[in-house]
Structures are given as structure tokens and as C-alpha cells.
Amino acid sequence: MTPSNTAKLPLLPERRSASLAARFWKWEASGVLVALVVLTAALAFAADNFLSAYNLSVVARQAAFVGIVALGQTLVLLVGGIDLSVGASAGLSAIVGSYILVNWGIHPWLILPITVAFGFFIGSINGFFVAMLRLNPFIVTLATWEILAGMTMVITKGYPIRPLGEQFGVFGKGEIMGVPLPVIIFLVLSGVMIWMLGQTRFGRNIFAVGGNRDAAVLAGIRARWVEFLAYGLAGAFAALAGILFASRMDAGQPSVGEGWLMGAITAAILGGTSRRGGQGSIVGTVLGALLLAVLANGTVLMNVSGFWQRVIVGCVVLVAVLVELLRRRD
């Protein structure tokens, strides 16, 4: 039998199964998908009301807010950076949008694009210092985090801005065919991001810059502008999540965005986005956000202390990092 004929023989079922298992293991989001399925099944047996329509709606809505922020954080991580200011960006953007709505008399439907544009402006400031001036992203975004959080308190003096009105509340409270509107927005944005990263030049440039910035520059890619836009989009996504949450609560709370930073980074890392850049997927980030929401919901249903929830999330992040390390060694 010639080598060419041998190559045409179909794979045995055992080898085909092994090949599929190996490919699944190499997929960045394999670990978070398995964890999500196992945790969901365990909670379905342990808590009678976990699979109720109301509870699933709560889980999906909680995943949507953090997930939208995580989409922008994924872009920043993919280019090899990090944005510690996304939580504060969400908070200040929500306050600015709420203030404009209450005091300037602008139509509620215009508040979302205005707030998103403001968030992009905040993110572009980070992008300018990191991409154009080549400063350390950790230090830059840590500083802007403090600045934005301080500005939030200066504007509000610690008091919420309310009421925002029923017409504006539809963005955070509304539903379409039983699906919360924030969840629909999150899924639509995720689909757009998947298309952008996979089908556009900008998306391919993001992976190129994050994988090897010097090689990307030599290939003619304008790496500074790619990084600049990644930070700008991260700010825009954070602003959108913040104003949607304000709509949900019918108030611009100074505390909006607190805790979202850890959730956004965790969702991206759990989904397989590399801390070094150049590797990751939006699907993984979506699954990571869902896992965190299910985990948080499960601790409530099982009467686990909220303090222990932070311990559990931290342990999950460590496990995700170890899994990434093992995958890279294979």
C-alpha cells in the first residue's frame, strides 16, 4: 500500500475522539465551558429555584453588565495592555449621563450615545498615555482610576442623581420577548465583536500587535493607533454598562462600577484571554461572565456569605491561570 493511499484512510473512532478531545483542550475557552456546565448542573440539583425563569433572568442580567465591561477589557488584554480604570469609567460616565438627563432636558434616547461618547473620550486619554507616550498601562490606568473615582465624588458629593424617569428606565428594565434588554445589548455587542476580531483588518491587527508588537510594526501595522482605539473602546463599553445600570436603578449612583474591574478581568482571563496579549476570544469572555454570574447567584441561593464569594472568585482566577500555563506547555 502506497503512502498516498494510507493517508486517505479514515481515522478510527478512537483516534477521532482523541483528536477532538485534544482540539477541545487547546481551545482557549474549554476550561470555562466545562466549569460552567458542571456548576450549572450542581446548582440545578442543589437549589430548587435555580432554573426558575425569574432566577435565570437575574443571572443573565448580572452577567450582561459585567460582560459588557469585559468585552472592552478583552480588547485591551489582547493588545498586551490592561485597564484598571474601567470600573471608575463606568461610574463617572453614569453620573455624567444622569446629570445631563436630569438637568439639561435632553431626550432620554440621546443619553446612551452621549454617555458612550464620553466613555470613549475617557478611554482615549488612557490610550494617549499608553499608546502614544508609551507609559506603563498599569500605572496610567491606576492613576486615572483614582482621578475618575474622585471626580465622581466631587460631582455627586456622595449623593445619587435621581429620578431618571420611566422613559429612560426602559433601557435597564425593559424586556423583549421575556429577555432583558441589557442582555440583548450584551449579546448583540458580543456578536459584533466576534465579527470584528475575525473578519476585519482592525481585528486581525489587534491580535498581531498583542502577539508581537515589533513584528506588527515592521509589517506596516500602525500599532499605536490600534492600542489607542482598544483603550477608547474599553472606555466606551464601560460607559455603556454604567448608564444601563443607572437606568436599571433609576438613579446615577456614585457606587456604580464598584467591583466591575475584577469581574471584567476575571471573565476575560477565565475565557482564555492571555495576560500577555495576542490570544483570546469573545466567546470565552461571554462564558466567563456567565460563570461569574452563576457563581455569585449560587452563593446567594446556598446562603454562602458574600465574603466567601470573593475568596471563591479569587481561587477560580488562580485555577484559570494554572490551566492557561498547562495549555501553553502542551
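The dialogue below goes through the labels used for this predicted model and the values behind them.

Student: What conventions apply to the residues and values here?

Tutor: Residues are numbered from 1 along each chain as its sequence is written, and side-chain values use heavy atoms, with hydrogens and water left out. In this predicted model, local features need pLDDT of at least 70 and side-chain atom pairs count only at pLDDT 80 or more, while totals for chains, interfaces and linings use all residues.

Student: How do you know what confidence the predictor has in the chain?

Tutor: The pLDDT, which is the predictor's confidence in each residue, from 0 to 100, averages 88 over the chain, and 90% of the residues score at least 70. Over residues 1–7, however, the pLDDT is below 50, and this stretch has two contacts (heavy atoms within 4.5 Å) beyond near neighbours in sequence. Where pLDDT is low, the predicted coordinates should not be read in detail.

Student: Why is N297 called buried?

Tutor: Buried means under 20% relative accessible area, exposed over 50%, and partly exposed in between, with a 1.4 Å probe and protein chains only; N297 has 7% relative accessibility, so N297 counts as buried. N297 is found in helix 14 (residues 282–301), where helices are DSSP runs of H or I with at least four residues, numbered from the N terminus.

Student: What makes the pairing of N297 and N55 a polar contact?

Tutor: A polar contact is a pair of N or O atoms within 3.5 Å, where within protein one must be able to donate a hydrogen and the other to accept it, and residues adjacent in sequence count only if both atoms are side-chain atoms. The side chains of N297 and N55 are joined at 2.9 Å and count as such a contact.

Student: Why is the pair of W109 and F171 called edge-to-face?

Tutor: Rings of Phe, Tyr and Trp (its six-membered ring) pair if their centres lie within 6.5 Å, and planes under 30 degrees apart count as stacked, over 60 as edge-to-face and the rest as tilted. The centres of W109 and F171 are 5.2 Å apart and their planes stand at 70 degrees, so the pair is edge-to-face. W109 lies in helix 6 (residues 108–132) and F171 in helix 8 (residues 166–173), so the pair ties together parts that are 62 residues apart in sequence.

Student: Is F171 buried or exposed, and how do you know?

Tutor: F171 has 7% relative accessibility and therefore counts as buried.

Methods: Helix = DSSP H or I, 4+ residues; strand = E, 2+ residues; numbered from the N terminus.
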